[in-house]
Amino acid sequence: MKLSVPGRATGIAAISIAALLTTSAIADAAPARVAAAPDIPVANVKAHLTQLQSIASANGGNRAHGRAGYKASLDYVKARLDAAGFTTAIQQFTSSGRVGYNLIADWPGGDANQVVMAGSHLDSVSSGAGINDNGSGSAAVLEAALTVSRTQYRPTKHLRFAWWGAEELGMVGSRYYVNSLSTANRARISGYLNFDMIGSPNPGYFVYDDNPAIEKTFKDYFTGIGVPTEIETEGDGRSDHAPFKSAGVPVGGLFTGASNSKTAAQAAKWGGTAGTAFDRCYHSSCDTTSNINDTALNRNSDALAYAVWELSE
(Lines give C-alpha, C1' and ligand atoms only; values in the text may rest on other atoms or scores of the structure.)
Protein backbone atom coordinates (compact mmCIF):
# COMPACT_ATOMS: atom_id res chain seq x y z
CA MET A 1 0.00 0.00 0.00
CA LYS A 2 1.18 3.46 -0.92
CA LEU A 3 0.52 6.10 1.75
CA SER A 4 2.33 9.03 0.14
CA VAL A 5 1.38 11.49 -2.60
CA PRO A 6 1.14 9.88 -6.05
CA GLY A 7 3.95 10.55 -8.54
CA ARG A 8 3.82 11.20 -12.25
CA ALA A 9 4.20 8.49 -14.85
CA THR A 10 4.22 8.20 -18.58
CA GLY A 11 3.57 4.99 -20.44
CA ILE A 12 3.24 3.19 -23.70
CA ALA A 13 1.00 0.19 -24.10
CA ALA A 14 2.96 -2.87 -25.20
CA ILE A 15 -0.08 -5.03 -25.61
CA SER A 16 -3.54 -3.59 -26.05
CA ILE A 17 -5.98 -4.68 -23.38
CA ALA A 18 -9.42 -5.98 -24.28
CA ALA A 19 -12.21 -3.54 -23.51
CA LEU A 20 -13.70 -3.49 -20.02
CA LEU A 21 -17.21 -3.92 -19.07
CA THR A 22 -20.44 -2.91 -17.32
CA THR A 23 -22.90 -0.21 -18.28
CA SER A 24 -24.33 0.22 -14.81
CA ALA A 25 -23.11 0.22 -11.25
CA ILE A 26 -23.53 -2.94 -9.23
CA ALA A 27 -27.11 -3.11 -8.08
CA ASP A 28 -28.33 -4.19 -4.69
CA ALA A 29 -26.08 -6.81 -3.15
CA ALA A 30 -27.63 -10.23 -2.67
CA PRO A 31 -28.59 -11.40 0.81
CA ALA A 32 -25.80 -13.04 2.74
CA ARG A 33 -25.16 -16.63 1.69
CA VAL A 34 -21.76 -17.38 3.13
CA ALA A 35 -21.64 -20.86 1.59
CA ALA A 36 -22.39 -19.58 -1.94
CA ALA A 37 -18.76 -19.21 -2.99
CA PRO A 38 -16.21 -22.01 -2.75
CA ASP A 39 -13.81 -21.94 0.17
CA ILE A 40 -10.40 -20.55 -0.74
CA PRO A 41 -7.82 -22.87 0.88
CA VAL A 42 -5.47 -20.66 2.87
CA ALA A 43 -2.73 -23.23 2.30
CA ASN A 44 -2.92 -22.49 -1.43
CA VAL A 45 -2.72 -18.75 -0.82
CA LYS A 46 0.30 -19.26 1.45
CA ALA A 47 1.96 -21.41 -1.21
CA HIS A 48 1.82 -18.42 -3.57
CA LEU A 49 3.35 -16.26 -0.83
CA THR A 50 6.18 -18.76 -0.48
CA GLN A 51 6.84 -18.45 -4.20
CA LEU A 52 6.86 -14.64 -3.99
CA GLN A 53 9.27 -14.81 -1.05
CA SER A 54 11.58 -17.11 -3.01
CA ILE A 55 11.47 -14.75 -5.97
CA ALA A 56 12.39 -11.80 -3.77
CA SER A 57 15.18 -13.72 -2.08
CA ALA A 58 16.67 -14.61 -5.47
CA ASN A 59 16.46 -11.01 -6.71
CA GLY A 60 18.05 -8.69 -4.19
CA GLY A 61 15.44 -9.19 -1.47
CA ASN A 62 12.59 -7.29 -3.13
CA ARG A 63 9.99 -7.30 -5.90
CA ALA A 64 9.99 -3.56 -6.58
CA HIS A 65 9.01 -1.71 -9.75
CA GLY A 66 11.61 -1.98 -12.48
CA ARG A 67 13.54 -4.72 -10.68
CA ALA A 68 14.01 -8.34 -11.73
CA GLY A 69 11.96 -9.55 -8.77
CA TYR A 70 8.86 -7.75 -9.97
CA LYS A 71 9.02 -9.20 -13.48
CA ALA A 72 9.63 -12.69 -12.05
CA SER A 73 6.58 -12.25 -9.80
CA LEU A 74 4.47 -11.25 -12.79
CA ASP A 75 5.75 -14.21 -14.81
CA TYR A 76 4.81 -16.58 -11.98
CA VAL A 77 1.25 -15.26 -11.76
CA LYS A 78 0.81 -15.20 -15.53
CA ALA A 79 1.99 -18.80 -15.95
CA ARG A 80 -0.54 -20.04 -13.40
CA LEU A 81 -3.37 -18.13 -15.08
CA ASP A 82 -2.44 -19.23 -18.59
CA ALA A 83 -2.43 -22.86 -17.48
CA ALA A 84 -5.87 -22.38 -15.91
CA GLY A 85 -7.49 -21.16 -19.13
CA PHE A 86 -7.50 -17.39 -18.63
CA THR A 87 -6.85 -14.95 -21.45
CA THR A 88 -3.96 -12.86 -20.17
CA ALA A 89 -2.42 -9.63 -21.40
CA ILE A 90 0.51 -7.55 -20.24
CA GLN A 91 0.36 -3.78 -20.32
CA GLN A 92 3.69 -1.95 -20.29
CA PHE A 93 4.41 1.54 -18.99
CA THR A 94 7.39 3.55 -17.80
CA SER A 95 7.88 5.34 -14.49
CA SER A 96 10.98 6.78 -12.82
CA GLY A 97 13.01 5.71 -15.83
CA ARG A 98 12.11 2.04 -15.43
CA VAL A 99 9.74 -0.23 -17.32
CA GLY A 100 6.72 -1.49 -15.40
CA TYR A 101 3.98 -3.98 -16.14
CA ASN A 102 0.33 -4.63 -15.38
CA LEU A 103 -1.14 -8.10 -15.82
CA ILE A 104 -4.79 -8.47 -16.83
CA ALA A 105 -6.58 -11.84 -16.88
CA ASP A 106 -10.04 -12.41 -18.36
CA TRP A 107 -12.17 -15.46 -17.65
CA PRO A 108 -13.99 -16.45 -20.86
CA GLY A 109 -17.72 -15.82 -20.97
CA GLY A 110 -20.13 -13.58 -19.17
CA ASP A 111 -21.72 -10.35 -20.35
CA ALA A 112 -18.97 -8.21 -21.86
CA ASN A 113 -21.01 -5.12 -21.03
CA GLN A 114 -20.93 -6.01 -17.33
CA VAL A 115 -17.56 -6.74 -15.78
CA VAL A 116 -16.58 -7.34 -12.22
CA MET A 117 -12.88 -6.75 -11.61
CA ALA A 118 -10.76 -7.84 -8.64
CA GLY A 119 -7.20 -6.58 -8.34
CA SER A 120 -4.15 -5.97 -6.22
CA HIS A 121 -0.71 -4.44 -6.59
CA LEU A 122 2.06 -6.94 -7.16
CA ASP A 123 5.08 -4.70 -6.47
CA SER A 124 6.91 -4.33 -3.17
CA VAL A 125 9.00 -1.46 -1.90
CA SER A 126 12.74 -1.77 -2.49
CA SER A 127 13.46 -2.40 1.20
CA GLY A 128 11.80 -5.81 1.43
CA ALA A 129 9.95 -8.72 -0.11
CA GLY A 130 6.50 -7.17 0.47
CA ILE A 131 4.74 -10.37 1.52
CA ASN A 132 1.90 -8.65 3.37
CA ASP A 133 2.20 -5.48 1.28
CA ASN A 134 1.09 -6.72 -1.09
CA GLY A 135 1.84 -10.35 -1.65
CA SER A 136 -1.18 -11.09 0.53
CA GLY A 137 -3.68 -9.39 -1.77
CA SER A 138 -1.94 -10.63 -4.91
CA ALA A 139 -1.87 -14.24 -3.73
CA ALA A 140 -5.53 -14.18 -2.65
CA VAL A 141 -6.67 -12.68 -5.95
CA LEU A 142 -4.63 -15.30 -7.82
CA GLU A 143 -6.12 -18.18 -5.83
CA ALA A 144 -9.64 -16.80 -6.30
CA ALA A 145 -9.03 -16.69 -10.05
CA LEU A 146 -7.68 -20.25 -10.02
CA THR A 147 -10.77 -21.31 -8.05
CA VAL A 148 -12.97 -19.80 -10.77
CA SER A 149 -11.17 -22.09 -13.23
CA ARG A 150 -11.13 -25.12 -10.94
CA THR A 151 -14.90 -24.90 -10.36
CA GLN A 152 -15.60 -23.84 -13.96
CA TYR A 153 -17.71 -20.99 -12.64
CA ARG A 154 -19.93 -19.45 -15.31
CA PRO A 155 -21.21 -16.13 -14.00
CA THR A 156 -23.71 -13.86 -15.69
CA LYS A 157 -21.21 -11.01 -15.67
CA HIS A 158 -17.72 -11.09 -17.09
CA LEU A 159 -14.85 -11.60 -14.66
CA ARG A 160 -11.51 -9.85 -14.90
CA PHE A 161 -8.56 -10.03 -12.52
CA ALA A 162 -5.62 -7.62 -12.41
CA TRP A 163 -2.18 -7.26 -10.84
CA TRP A 164 -0.79 -3.73 -10.86
CA GLY A 165 2.76 -2.48 -11.14
CA ALA A 166 4.34 0.54 -9.42
CA GLU A 167 1.59 1.08 -6.85
CA GLU A 168 4.29 2.00 -4.36
CA LEU A 169 5.26 4.95 -6.56
CA GLY A 170 1.72 6.33 -6.47
CA MET A 171 -0.75 3.89 -8.08
CA VAL A 172 1.13 4.30 -11.36
CA GLY A 173 0.11 1.05 -13.05
CA SER A 174 -3.58 1.16 -12.17
CA ARG A 175 -3.79 4.83 -13.13
CA TYR A 176 -2.15 4.10 -16.46
CA TYR A 177 -4.64 1.31 -17.09
CA VAL A 178 -7.69 3.42 -16.26
CA ASN A 179 -6.40 6.35 -18.32
CA SER A 180 -5.85 4.04 -21.30
CA LEU A 181 -9.55 3.16 -21.43
CA SER A 182 -12.08 4.99 -23.54
CA THR A 183 -15.02 6.61 -21.79
CA ALA A 184 -17.26 3.83 -23.11
CA ASN A 185 -14.99 1.10 -21.78
CA ARG A 186 -14.79 2.70 -18.35
CA ALA A 187 -18.57 2.83 -18.27
CA ARG A 188 -18.72 -0.92 -18.85
CA ILE A 189 -17.08 -1.72 -15.53
CA SER A 190 -19.64 -2.78 -12.91
CA GLY A 191 -17.19 -2.57 -10.07
CA TYR A 192 -13.56 -2.83 -9.07
CA LEU A 193 -12.63 -4.70 -5.87
CA ASN A 194 -9.22 -3.92 -4.35
CA PHE A 195 -7.19 -6.08 -1.97
CA ASP A 196 -4.14 -4.44 -0.41
CA MET A 197 -2.60 -5.87 2.81
CA ILE A 198 -5.11 -8.52 3.93
CA GLY A 199 -2.88 -10.60 6.22
CA SER A 200 -1.45 -8.10 8.70
CA PRO A 201 0.10 -9.80 11.76
CA ASN A 202 -1.91 -7.73 14.28
CA PRO A 203 -4.98 -7.49 12.07
CA GLY A 204 -8.05 -5.37 11.95
CA TYR A 205 -10.97 -6.05 9.64
CA PHE A 206 -11.57 -2.97 7.54
CA VAL A 207 -14.04 -2.55 4.65
CA TYR A 208 -13.98 0.26 2.09
CA ASP A 209 -17.13 2.41 2.21
CA ASP A 210 -16.86 3.92 -1.28
CA ASN A 211 -19.87 2.09 -2.76
CA PRO A 212 -22.83 1.00 -0.59
CA ALA A 213 -23.67 -2.17 -2.51
CA ILE A 214 -20.10 -3.46 -2.55
CA GLU A 215 -19.58 -2.46 1.08
CA LYS A 216 -22.74 -4.36 2.06
CA THR A 217 -21.56 -7.47 0.24
CA PHE A 218 -18.34 -7.61 2.25
CA LYS A 219 -20.13 -6.79 5.50
CA ASP A 220 -22.66 -9.54 4.84
CA TYR A 221 -19.83 -12.04 4.61
CA PHE A 222 -18.16 -10.96 7.84
CA THR A 223 -21.50 -10.80 9.66
CA GLY A 224 -22.11 -14.36 8.53
CA ILE A 225 -18.91 -15.58 10.19
CA GLY A 226 -19.37 -13.42 13.29
CA VAL A 227 -16.51 -10.98 12.70
CA PRO A 228 -17.18 -7.26 13.27
CA THR A 229 -15.75 -4.77 10.78
CA GLU A 230 -14.87 -1.10 10.66
CA ILE A 231 -14.70 1.39 7.81
CA GLU A 232 -11.24 1.62 6.27
CA THR A 233 -9.68 5.06 6.80
CA GLU A 234 -5.90 4.61 7.21
CA GLY A 235 -5.12 4.33 3.54
CA ASP A 236 -8.33 5.80 2.14
CA GLY A 237 -7.81 6.74 -1.50
CA ARG A 238 -4.18 5.64 -1.49
CA SER A 239 -4.36 2.27 -3.18
CA ASP A 240 -5.30 1.05 -6.64
CA HIS A 241 -9.04 1.61 -6.26
CA ALA A 242 -8.43 5.39 -6.32
CA PRO A 243 -7.94 5.79 -10.11
CA PHE A 244 -11.07 3.72 -10.74
CA LYS A 245 -13.10 5.77 -8.28
CA SER A 246 -11.88 9.00 -9.86
CA ALA A 247 -13.10 7.71 -13.22
CA GLY A 248 -16.58 7.02 -11.84
CA VAL A 249 -16.25 3.27 -11.37
CA PRO A 250 -17.89 1.76 -8.24
CA VAL A 251 -15.13 0.47 -5.96
CA GLY A 252 -14.71 -1.49 -2.76
CA GLY A 253 -12.19 -3.61 -0.96
CA LEU A 254 -10.61 -5.00 2.19
CA PHE A 255 -7.65 -4.07 4.40
CA THR A 256 -6.15 -5.34 7.67
CA GLY A 257 -4.09 -2.29 8.66
CA ALA A 258 -0.60 -0.87 8.16
CA SER A 259 1.41 1.43 10.44
CA ASN A 260 -1.48 2.74 12.56
CA SER A 261 -1.73 1.29 16.07
CA LYS A 262 -4.54 -0.99 17.17
CA THR A 263 -6.69 0.60 19.88
CA ALA A 264 -7.80 -1.10 23.07
CA ALA A 265 -11.37 -1.26 21.73
CA GLN A 266 -10.17 -2.91 18.53
CA ALA A 267 -8.07 -5.43 20.44
CA ALA A 268 -11.10 -6.27 22.58
CA LYS A 269 -13.20 -7.21 19.56
CA TRP A 270 -10.53 -8.62 17.22
CA GLY A 271 -7.81 -9.89 19.53
CA GLY A 272 -4.20 -8.97 19.05
CA THR A 273 -2.15 -6.34 20.82
CA ALA A 274 -3.39 -2.85 21.63
CA GLY A 275 -0.91 -0.01 21.17
CA THR A 276 1.00 -1.93 18.50
CA ALA A 277 0.91 -1.34 14.76
CA PHE A 278 -1.37 -3.53 12.68
CA ASP A 279 1.75 -4.32 10.67
CA ARG A 280 5.01 -3.46 12.45
CA CYS A 281 6.93 -4.60 9.34
CA TYR A 282 5.12 -2.21 6.99
CA HIS A 283 7.54 -1.16 4.22
CA SER A 284 10.39 -2.93 6.03
CA SER A 285 12.77 -5.81 5.42
CA CYS A 286 10.86 -7.96 7.93
CA ASP A 287 7.78 -8.08 5.67
CA THR A 288 8.40 -11.74 4.90
CA THR A 289 6.32 -14.90 5.05
CA SER A 290 6.62 -14.79 8.84
CA ASN A 291 4.74 -11.47 8.79
CA ILE A 292 1.34 -12.99 7.98
CA ASN A 293 -1.62 -13.74 10.23
CA ASP A 294 -3.11 -16.93 8.80
CA THR A 295 -6.58 -16.33 10.26
CA ALA A 296 -6.85 -12.87 8.72
CA LEU A 297 -5.51 -14.11 5.40
CA ASN A 298 -8.00 -16.98 5.39
CA ARG A 299 -11.02 -14.83 6.29
CA ASN A 300 -10.19 -12.12 3.77
CA SER A 301 -9.47 -14.60 0.98
CA ASP A 302 -12.88 -16.19 1.55
CA ALA A 303 -14.51 -12.75 1.70
CA LEU A 304 -12.85 -11.92 -1.62
CA ALA A 305 -14.32 -15.03 -3.24
CA TYR A 306 -17.72 -14.40 -1.68
CA ALA A 307 -17.83 -10.89 -3.17
CA VAL A 308 -16.68 -12.04 -6.60
CA TRP A 309 -19.35 -14.75 -6.72
CA GLU A 310 -22.14 -12.57 -5.31
CA LEU A 311 -21.50 -9.56 -7.50
CA SER A 312 -20.98 -11.47 -10.75
CA GLU A 313 -23.87 -13.95 -10.67
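**View 1. Pairing of strands β6 and β8.** In this predicted model, strand β6 (residues 206-207) runs antiparallel to strand β8 (residues 251-255), with 2 bridges between them. Val207 faces Leu254 of β8. Strands pair if DSSP finds at least two bridges between them; strands are DSSP runs of E, at least two residues, and helices runs of H or I, at least four, numbered from the N terminus. Residue numbers start from 1 along each chain as its sequence is written. The model is predicted: local features need pLDDT of at least 70, side-chain atom pairs count only at pLDDT 80 or more, totals for chains, interfaces and linings use all residues, and side-chain values use heavy atoms, without hydrogens and water.

**View 2. The Tyr177 and Phe244 rings.** Aromatic pairs (Phe, Tyr and the six-membered ring of Trp, centres within 6.5 Å; planes under 30 degrees apart stacked, over 60 edge-to-face, the rest tilted) number 17. The ring centres of Tyr177 and Phe244 are 6.3 Å apart and the planes meet at 40 degrees, so this pair is tilted. Tyr177 belongs to helix α4 and Phe244 to helix α7 (residues 241-246), so the pair ties together parts 67 residues apart in sequence. Both Tyr177 and Phe244 are buried (under 20% relative accessible area; exposed is over 50%, partly exposed in between; 1.4 Å probe, protein chains only).

**View 3. The Tyr205 and Trp270 rings.** Tyr205 and Trp270 form an edge-to-face pair, 6.1 Å centre to centre with 70 degrees between the planes. Tyr205 is buried at 3% relative accessible area, and Trp270 is buried at 13%.
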